[in-house]
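Okay, thanks everyone. I've got a few minutes on one model, so let's bring it up and walk through it together.

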Amino acid sequence: MSRRKRTNRRETQPDSRYNNRLVQKLINSLMSDGKKSTAERLVFDAFELMKKSVANNDVLTVFHKAIENVRPHVELKARRVGGATYQIPIEVRHDRSFSLALRWVRNAARSKKGAPMAKRLADELLNAYKGEGTAVRKREETHKMAEANRAFAHYRW
């Protein structure tokens, strides 16, 4: 850990179409090789596909609810005590939980094959909105592991 002063966290600017910071974070998460316009097109196309599937056409509320359903509240950290390594459940900071949720949605969409990325992303977000899908399963698995290792919580530092 550095002994210098802590760095200031930079605020993410809102995206151009929806004026939302979380949408911009999803775009930044999807971006590869600095191709932001491609990532923006993917996200906006996915939102257009979601609009057709959702009755009330309010994509932002569906997106926020989906991310809220994927967002973890606890995670496991490995801690070495003596010769053994324990998985210790730790509460997740608010900003980190959103980062994990976006990462899990992105990885779940990328892992599916056979459809365009915008379609896969839209499907994963809709599944997360309904409380199912790969990203939600990842969250439940993490919570289950944290519950199982609750006995080691006293090793927290």
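Let's start with the aromatics: Tyr-18, Phe-44, Phe-47 and Phe-63 are joined into a cluster through ring pairs. Keep in mind that this is a predicted model. Searching the whole structure turns up three aromatic pairs. Where do Phe-47 and Phe-63 sit in the sequence? Phe-47 belongs to helix H2, residues 36-53, and Phe-63 to helix H3, residues 59-70, so this contact ties together parts that are 16 residues apart in sequence. Both Phe-47 and Phe-63 are buried.

Arg-17 lies over the face of Phe-44, 4.2 Å from the ring centre. Elsewhere, Arg-71 does this with Phe-98, lying over its face at 5.0 Å from the ring centre.

The largest pocket has a volume of about 270 Å³. Two elements give two or more residues to its lining, helix H1 (21-30) and helix H4 (94-111). Which of them gives the most? That's H4, with four residues. And what kind of residues line this pocket? Nine are charged, two are polar, and none are nonpolar. If you want to click through, the lining includes Arg-9, Arg-10, Glu-11, Arg-21, Lys-25, Asp-95 and Arg-103, and the polar Thr-12 and Ser-99 are there as well.

Key. Residues numbered from 1 in each chain as written. Predicted model: local features only at pLDDT ≥ 70, side-chain atom pairs only at ≥ 80, totals over all residues. Heavy atoms only, no water. 1 Å grid on protein atoms, 1.4 Å probe; cavity = no way out; pocket = protein on both sides within 12 Å on 5 of 7 lines; lining within 4 Å. Points joined across faces, edges and corners; volume = space filled by probe spheres on them. Phe/Tyr/Trp six-rings, centres within 6.5 Å; stacked < 30°, edge-to-face > 60°. Buried < 20%, exposed > 50% of the residue type's maximum accessible area, 1.4 Å probe, protein only. Lys NZ or Arg CZ within 6 Å of the ring centre and 35° of its normal.
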